[in-house]
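Good morning, and thank you for coming. Please look at the structure on the screen while I speak.

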Amino acid sequence: MELQDCLRMLNNCYTQDKEDKWKWLGKSSEAFSVSDMKDLLFDASNQVTNNPLNWSKWVPKKVMIFVWQANQNRIPTKMELSKRNVNVGSAICSLCSEGEESCDHLLNECAFAAHIWSAVSSWCKVSPIYAFSVPELLNVYKNVNLPKIKGNIFYGIILTTCWIIWKTRNECVFSSGILNVTKAVEEIKSCSFLWIKNRSPCKDLVWKEWTKCPL
Ligand SMILES: [Zn+2]
């Protein structure tokens, strides 16, 4: 059977007496381009996960890459590491000591994350932010009836919040950091202000107004 399969595959191959060469089967031309490669990888990953992600340039790349990985459940949480036979001791969440530390737990279900999302929704004066999964969380901004620019600002704040929750978790795990919701929310406010003011067309943002309500 294997021989027949092999012969069938070889039947469609033609050889020529020429030197072998590499050919780029990318998108736009025969020339390799990093941009095409990035698009292909991004499309492929979105097709695999079926969780399209809106790539925002209003937050740093490191934040988008983290969120992109979280959207595919690929951040190194204790659950994911223990699945890969990494010895992490207990898989219990370091932030709440209740649930197991999965990506969805850390960013949605965790009591610490819930306090953060509650404070962020009050600050933004929107309905409570709540989701069952990371892809759902990253689409919450679409369900809030906001003009386009404000919707993008809100999305930037959600991305920043995911990043700060992960940063707080790392400080807790690796540096014995003390959990402080107020400090984390202040960091979300200042980072999102700095990033959005410098990276978006919204150059006229004012810190004093931002701290009252960013939308
Ligand atoms: Zn937790």
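This is a predicted model: local features need pLDDT of at least 70, side-chain atom pairs count only at pLDDT 80 or more; totals for chains, interfaces and linings use all residues.

Let us begin with helix α3, which covers residues 61–71. Which of its residues are buried? They are Val63, Val67, Trp68, Ala70 and Asn71. Viewed down the axis of α3, these buried residues fall within an arc of 160°, so they line one face of the helix. The face turned away from that buried side carries Lys61, Lys62 and Ile65, which are exposed. Just after α3, Asn73 adopts a positive phi of about 60°.

I now turn to helix packing. Two packed helices are described by the angle between their axes and the distance between the axes.

Consider helix α6, residues 111–124, and helix α9, residues 181–199. Their axes come within 10 Å and cross at roughly 50°, which makes α6 oblique to α9. The crossing is right-handed. On the α6 side, the contact is made by His115, Ile116, Ala119 and Val120, and on the α9 side by Val181, Ala184, Val185 and Ile188. Of these residues, seven are nonpolar, one is polar and none is charged.

Ala113, Ile116, Val120 and Cys124 of α6 meet Phe154, Ile157, Thr161 and Ile165 of α8. By class, this contact has seven nonpolar residues, one polar and no charged.

How values were computed. Residues are numbered from 1 along each chain as its sequence is written. A residue is buried if 20 or more other C-beta atoms lie within 10 Å of its own, exposed if 12 or fewer, and partly exposed in between; C-beta atoms are placed from the backbone. Helices (H or I, at least four residues) and strands (E, at least two) are DSSP runs, numbered from the N terminus. The arc is that of the directions from the helix axis to the C-beta atoms. Axes are lines fitted to C-alpha atoms, for helices over the stretch in contact, and angles run from 0 to 180 degrees between N-to-C directions. Angles under 35 degrees count as roughly parallel, over 145 as roughly antiparallel, 65 to 115 as roughly perpendicular and the rest as oblique. A crossing is left-handed if the near helix is turned anticlockwise from the far one by less than a right angle, and right-handed if clockwise. Two residues are in contact if their C-beta atoms, placed from the backbone, lie within 7 Å. Ala, Val, Leu, Ile, Met, Phe, Trp, Tyr, Cys and Pro count as nonpolar, Asp, Glu, Lys and Arg as charged, and the others, Gly among them, as polar.
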